[in-house]
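The following paragraphs lead through one structure, from chain contacts to local packing.

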Amino acid sequence: MIKLQNIKKIYGERTVLNIDGLSFTKGETVAIVGPNGSGKSTLLKIIAGVIKSDEGTVETNSRMYYLPQQNIPFRKSVRKNILISMENADDKEIRCNEILAELGLANLADKNAKGLSGGECQRLALGRVLINEGDFLVLDEPSSAADIEGTEMIENAIRKYKDKTGCGVIMTTHSPVQALKLAERVIMLCDGKIVEDGRPEELLINPKTQWGKKFISKWKL
Amino acid sequence: MKKLLAVLMALAIVFTLAACGGTSENENKIIRVSTTTSVNDSGLLPYLLPVFEEATGYTVEVQSAGTGAAIQKAKDGNADLILVHSKASEEEFIAEGYGVERLPFMYNYFVIVGPADDPAGIKDSVNAAEAFDKIEDTEATFISRGDESGTHKAELKIWGEDVPEADDEWYISAGQGMGACLTMASEKDAYCLTDKATFLSNKADLDLEIILAEGEDMKNTYSLIECNPEKLDGINTEGAKAFIEWMMGDEASALIAEYGKEAYGEALFYLAE
Amino acid sequence: MLMSMDKELLQIIGVTLRMSFFSTLISCLLGMPLGVLLGKSSFKGKGTIIKLTGTFMGLPPVVAGLIVYMLFSKNGILGSLDILFTVEVMVIAQCMLIVPVVINLTHSITSVNSACLIETAKGLNFSKGKTAILMLTENKTALFSVVLSAFGRSIAEVGAVSLVGGNIQWKTRVMTTAIMLETNKGNFSFALALGIILLLISFTVNIIASFAVKEDKQ
């Protein structure tokens, strides 16, 4: 369980996030959508505890793994990138090989990660997150740099991880298809506020707000 | 490696060009004096020069360094005259044609300074050579300038044949100026040969006393030598002559004889007979 | 001319390398963690500390030497240690000069990508220590140039080491103080030759260092 109350985040004069109440339960997949600057990344960072809100509280005792929007490969081999991110386990090597295969990185395992392409980097960064077991995955645009094949690998990996661990997934995305495909719940943000929060099919057919309608109308499904 | 050499060459050229730009014919109101630190740091030149400049209208630029460097600067044509205190080096300077004539014009005495309790028992020695023998016998710590300065050469002359090895624990070759050596002697409770003027002007900060003074082998003579315009370019001969003439004249003699009496209760330099 | 003083020259080079090695090592051990800490954490007064290190980068070596001299002088607070005019005290004086440089450079290097890196590390639930080590290893190449800057400042410095070391023959004489001495003796060309040897030593160290970094890249 993650519970947010009266969250406010202010940068200078601008209130980038203003949320009265929001909660997530383990096992659900939530897609957070909204235009650039709507506060999606800030919300994820606050949920993951990477930054603190200026007001309000985040209540949780869940173990979370967070993937930032910007992927930095560590200056090591692809394999070591995964291994260094893994908490102690007996079958380290086996699990490492599994995740690399799953994300299509097996043949790059011994290459320096600094030489990877943008899409490969993103898969590697996701791999570092997926190698551990947590209660929640907090993913900021996990497939923004991926091609069609890469996106599929990423989505499959997230789904498989969820099935295995029963965790919750909170992710932002700019892809309506992805939101509909993966999520059981879609939250729509506008100017730091929640404007829609519900099942994707409901949202698609019957948005509650004017703003939601307008946003959905741009989805070319 | 080629790159490195190229860089070095470039640097060398820059330095050479910079050195060439230094002298010029119409600067004949400027006299360049290359002298040792002891003359300058004791305050003698700062005391005399304003009087000279007032009287003659010349401007004197003083470069002070160890005797070796002071002479080398003159050999490179960067001085009109030298004021140093190392007879052998001075004679060599003239023999090589760089100097015109050696004019001893004042002297004082080297002194041996050391810790007040005089651990080597040198205070009743008849001369510096005897004192040095006692220091060597007792292996009391001794700081040598080790920089081929006038003072260092005087020290070597006193040791004579048996100059101690610099890797002897007690004989420290500091390779620094008089002030730094005196400081080191004070820190290490060591003996040191110094000119009296520098010692007296630094005495307040030092834990040292004059242990032996005025032995016959401790005389320290300062000379003026005009640089030879036939050997070196750009020498202000007129200025150098004027300076030497004034320094050896009555007015300067009177001033030199008085110098130090007020501050230290005794004269620091005596006029050469 | 250089050949004639082979034995002494080798000894001087030995002292120089020993001094520079320890000055660099200690300065980096002290300065890099502090620089990383400054780069990754934010607290009140951080800006002031960074400005202070910047200011101390301009500390004249002679002043650093004077401070250390007064501390370790016979009547100084640490005079009883009796280490004035030793290589040890030269290293101490040099650290005073070099630590601020290391802190400042390390900070400016690590703060560039520190925000992203820290987010990534936090996202993976890394411990603070693991994050700090990651920041060092991620910036390895840039930090190596910090090490070389520290070494360069150490090996080329003369004001502080001549004051606290005393330029004692066979003991605390290093390349720079030997150059100063030869200059004072009037042996200008010999002094210049020593300067070129010093440059060659620096050059060699840089080459070795660059090999070390290259090998590590694989």
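A residue is called buried if 20 or more other C-beta atoms lie within 10 Å of its own, exposed if 12 or fewer, and partly exposed in between. The model under discussion is a predicted one.

With that cut-off, A:I84 is partly exposed, because 17 other C-beta atoms lie within 10 Å. This residue belongs to helix α2 (residues 78–85) of chain A. When its neighbours within four places in sequence are left aside, A:I84 is in contact with A:F74 and A:K76. A:R128 stands 44 residues from A:I84 in sequence, yet the C-alpha atoms of the two are 8.4 Å apart in space.

Chain A also contains an open sheet of three strands, in the order β2-β1-β4, with antiparallel pairing. Its edge strands, β2 (14–24) and β4 (55–60) of chain A, each pair on one side only. On average, and with direction ignored, neighbouring strands of the sheet are turned by 20 degrees against each other. Strand β1 (residues 2–11) of chain A is joined to β4(A) by five bridges, and the two run antiparallel. In β4(A), A:T60 is the residue opposite A:I2. Helix α1 (residues 40–48) of chain A lies across β1, β2 and β4 of chain A, and runs at about 125 degrees to β1(A).

The arrangement of the chains comes next. Two pairs of chains are in contact, and of these, chains B and C share the most contacts. Chains A and B are joined by no contact, and their closest C-alpha atoms lie 32 Å apart. The contact between chains A and C takes 13 residues from each of them. On the side of chain A that touches chain C, the elements giving two or more residues are β5 (64–67) and α4 (118–130) of chain A. There β5(A) gives the most, with three residues.

In chain B, helix α5 (residues 87–95) has B:S89, B:E90 and B:F93 buried. Seen down the axis of α5(B), the buried residues fall within an arc of 100 degrees, so they line one face of the helix. An α-helix has 3.6 residues a turn, so residues three or four places apart point the same way. B:A88 and B:A95, on the other side of α5(B), are exposed. The cover over the buried residues of α5(B) includes α4 (67–75), β3 (81–84), β4 (99–114), α7 (150–159) and β9 (219–227) of chain B. Just after α5(B), B:G97 adopts a positive phi of about 90 degrees.

Definitions and conventions
Residues are numbered from 1 along each chain as its sequence is written. Chains are lettered from A and ligands numbered from 1 in the order in which they are written. This is a predicted model: local features need pLDDT of at least 70, side-chain atom pairs count only at pLDDT 80 or more; totals for chains, interfaces and linings use all residues. Two residues are in contact if their C-beta atoms, placed from the backbone, lie within 7 Å. Helices (H or I, at least four residues) and strands (E, at least two) are DSSP runs, numbered from the N terminus. The arc is that of the directions from the helix axis to the C-beta atoms. Two strands pair if DSSP finds at least two bridges between them. Axes are lines fitted to C-alpha atoms, for helices over the stretch in contact, and angles run from 0 to 180 degrees between N-to-C directions.
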